[in-house]
Amino acid sequence: MEPITRQDYIGRYVEAATRSLPPRERADHAAELRGSIQDQIDGRVGSGDTPAAAELAVLSGMGDPAVLAAGYADRPLHLIGPRWYPTWRRVLRIVLWWTLPFVAFGVALAMILEDRPLWGIVGPTIGVTIAAGAVIFTGMTIVYAALDRAGEPVGAWTVDHLPSRDPNEGMPAGRVEKIVLGVSVLFAIAGLVFVTASWAVPEAGPMSVLNPALWPWSLIVGVVLILAGAFVVIRARATGRWGMGSAIATALIALGWAVPIVWLAVTGLLFDPAFVEYLDIDRDARVVIVVCILAATVAIAAWSTFDAFRRVLRR
């Protein structure tokens, strides 16, 4: 084989397209590709092109040799292929919607407790929320790319997976979505236990985040509402339909937790007085925290109710 010179475009193209192949296959593919290129060049020369112009036109028309190399080696040039992409997109959307609002609220609350000015609250909140979203996106993409490369089966498609007219409903919940929903419910219950249970704080004694006078009904009612919400979602996803009953149940659940939170926050009975005193939160900071809680509670409850009935009306 003659050495490849700088101006030997055909040789350089063939070398780039077959470089990643095993040695025993490289020669055959190189000979086949070189012959195909030469036939196309001869055809253009026969039509009146000069040999140099025909060579450049043929090689430019064939495109990036890396694409040919991937085809020869049967190696995909995408992170997530069409088998796993729909599942990745659905699960990623669910996780982001269930995670980022709470991340933003937690960061904003922490900045408020540090008595930062408004500009010192907005910047870190946006930055941390975007960073959390990027971490979730990267992690889930790596997982699904690995599943796609490993050839993990997605599951047989049936007509039950056909989407409805509403883009927000349709495909019954798959195994991954059920796992995500189950983990979300467990985290929600664990967070509820954390804020309602009494914890021993060094040099301060036992205290809890929520008012101890609300125990144990705060925990019982909270767990019931979380499980009820999960049941409504599972039922709707299992049947692939979102009817008026699901919308009414969602609205009642939203009111069931939003109304008590708003009333307790306004009357100052939501938090444990010992906890507030331990954090040394002044009056202005308390007002800001209450306003944030009210805004977040009303916004989440209103959006949940609106979205539930919007799905019904779209049907």
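Arg310 and Asp307 both lie in helix α11 (residues 283–314), three residues apart, which is about one turn of the helix; helices (H or I, at least four residues) and strands (E, at least two) are DSSP runs, numbered from the N terminus. The structure is a predicted model, in which local features need pLDDT of at least 70 and side-chain atom pairs count only at pLDDT 80 or more, while totals for chains, interfaces and linings use all residues. Residues are numbered from 1 along each chain as its sequence is written, and side-chain values use heavy atoms, with hydrogens and water left out.

**Confidence**

- The mean pLDDT of the protein is 76, and 81% of its residues reach 70 or more, where pLDDT is the predictor's confidence in each residue, from 0 to 100.
- Confidence is highest in helix α9 (residues 244–267), at a mean of 87, and lowest in helix α4 (residues 65–73), at 69.
- Over residues 161–172 the pLDDT is below 50, and this stretch has 30 contacts in the model beyond near neighbours in sequence, a contact being heavy atoms within 4.5 Å.

**Overall build**

- The protein has eleven helices and two strands, and read along the sequence these follow the pattern α-α-α-α-α-α-α-β-β-α-α-α-α.
- Among contacts between residues at least 6 apart in sequence, 69% join residues at least 24 apart.
- Of the 315 residues in the protein, 30% are buried; buried means under 20% relative accessible area, exposed means over 50%, and partly exposed lies in between (1.4 Å probe, protein chains only).
- The protein exposes about 19,900 Å², of which carbon and sulfur atoms supply 68%; accessible areas come from the Shrake-Rupley method with a 1.4 Å probe, and for residues only the protein chains shown count as cover.

**Salt bridges**

- Side chains of opposite charge can pair when their charged atoms come close.
- The count comes to two salt bridges, each defined as a side-chain nitrogen of Lys or Arg within 4 Å of a carboxyl oxygen of Asp or Glu.
- In helix α11, the side chains of Arg310 and Asp307 meet in a salt bridge at 2.3 Å, N to O, and both Arg310 and Asp307 are buried.
- The side chains of Arg44 and Asp49 also meet in a salt bridge, at 3.4 Å, N to O; Arg44 counts as partly exposed because its relative accessibility is 36%, and Asp49 counts as partly exposed because its relative accessibility is 31%.

**Nonpolar cores**

- In soluble globular proteins, nonpolar side chains tend to be buried together.
- The largest nonpolar core has 14 residues, of which Ile121, Leu270, Ile281, Ile289 and Ile293 touch the most other members; such a core is a set of buried Ala, Val, Leu, Ile, Met, Phe, Trp, Tyr and Cys residues joined through side-chain atoms within 4.5 Å.
- Helices α5 (85–113), α9 and α11 each supply at least two residues of this core, and α5 gives the most, with four residues.
- Apart from this core lies another, of twelve residues, among them Ile80, Trp88, Leu92 and Ala132.

**Surface and loop**

- Met244, Ile248, Leu252, Leu255 and Val259 form a nonpolar patch on the surface, with about 480 Å² of accessible area together; nonpolar patches are made of Val, Leu, Ile, Met, Phe, Trp or Tyr residues with over 30% relative accessible area and no salt bridge, their side chains joined within 5 Å.
- Ile248, which lies in helix α9, is partly exposed, with a relative accessible area of 41%.
- Pro212 has its place in the loop between β2 (205–207) and α8 (217–239), and is partly exposed at a relative accessible area of 44%.
- Pro212 and Phe271 are 59 residues apart in sequence and 8.3 Å apart in space, C-alpha to C-alpha.

Methods: Patch = residues over 30% accessible without salt bridge, like charges linked within 9 Å, V, L, I, M, F, W, Y side chains within 5 Å.
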